[in-house]
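Q: Can you walk me through this one? I'd like to start with the contacts and then move on to the rings.
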Amino acid sequence: MVHPFAVVLCAFLLSDFHGYFVYGANKRKGSDNEHQQQLFNLLVSQNRRFEILESRNRELLAMVERQTKQMSHMASNILELQETVEKQRHQLDSVYKILKENTNDKRTETYINDNTDQKKRLLVGTLAVPVAFQAYLSRAQTNPNGHQTIIFDNVELNVGNGYHHTSGIFVAPEAGIYAFSWSIRLFGNASHSAQLMVGDQEYDGVYLSVRNGDNENVSGTAVAQLERGQDVFVRTHAAFNYGDIHSDPLGRSSFCGWRVN
């Protein structure tokens with residue numbers, strides 16, 4: 001026969017063991033839930049980092065694409081500028097060669113005498129000394145004001161000594177018909193009008209405006225009849241002027257002229 005005290009003891013032990021089992025299970029369950037929450041938070045954090053990296057990557061790709069387009073555009077402009085400079089050099093070389101040949105050339109004219117039908121030859125003489133110059137900006141002209149003379153300080157050619165590099169002014173050594181060509185180069189965000197001045201007269205002009213890193217060049221050509229001592233120069237317009245006028249080996253801002261006859 002089982003003793004009543006043993007039955008009570010067994011019941012107590014069973015009750016205590018059940019409570020301990022339930023407590024251990026709940027504790028393990030709570031620990032698992034906490035671990036899952038930590039993993040979830042880590043995944044969320046990593047996902048946010050991936051989104052930030054993807055966004056930065058898209059921005060970098062867009063920046064590289066813009067820079068590639070700008071470089072392609074600059075390369076095209078450089079080729080155009082090189083072609084323009086080469087054409088101008090050929091023109092100057094041709095004009096200088098013709099003028100040099102004509103310096104030593106003696107022309108004769110034949111007149112017919114209506115009464116005697118006799119031909120006579122008259123020695124006219126030699127032509128005047130040729131006049132030609134070529135100059136460019138050796139460095140950028142920083143944010144010039146309105147009506148400011150652009151001083152093309154680096155002189156490559158100055159036959160006749162009509163161009164003055166310290167003032168940027170050409171003074172005609174002889175009367176005659178002259179041809180002039182001038183150009184300006186702008187980069188980034190800038191806007192300028194370059195006027196060809198004959199004395200105090202606005203004889204001709206060109207205008208250029210660039211935005212968002214563009215690199216452009218504009219040029220003008222004009223022919224004028226000058227008296228001896230009359231001056232010609234290039235200046236900015238009174239308005240619509242901001243930014244620098246650039247000049248470097250990739251593209252020059254230049255001024256040249258020559259006497260036609």
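A: Contact here means heavy atoms within 4.5 Å. This is a predicted model, where local features need pLDDT of at least 70, side-chain atom pairs count only at pLDDT 80 or more, and totals for chains, interfaces and linings use all residues. Residues are numbered from 1 along each chain as its sequence is written, and side-chain values use heavy atoms, without hydrogens and water.
Q: What share of the contacts with a separation of 6 or more is between residues 24 or more positions apart?
A: They account for 67% in the chain.
Q: And how many helices and strands?
A: One helix and ten strands, taken as DSSP runs (helices H or I, at least four residues; strands E, at least two) and numbered from the N terminus.
Q: Rings now. How many aromatic pairs?
A: Ten. Rings of Phe, Tyr and Trp (its six-membered ring) pair if their centres lie within 6.5 Å; planes under 30 degrees apart are stacked, over 60 edge-to-face, the rest tilted.
Q: How do F133 and F170 pair?
A: They are stacked, 4.9 Å centre to centre with 20° between the planes. F133 is in strand β3 (residues 132-136) and F170 in strand β6 (residues 169-171), 37 residues apart.
Q: Buried or exposed, those two?
A: Both F133 and F170 are buried, that is, under 20% relative accessible area with a 1.4 Å probe, protein chains only; exposed is over 50%, partly exposed in between.
Q: What about F133 and F255?
A: That pair is edge-to-face, 5.0 Å centre to centre and 80° between the planes. F255 lies in strand β10 (residues 254-259), so the pair ties together parts 122 residues apart in sequence.
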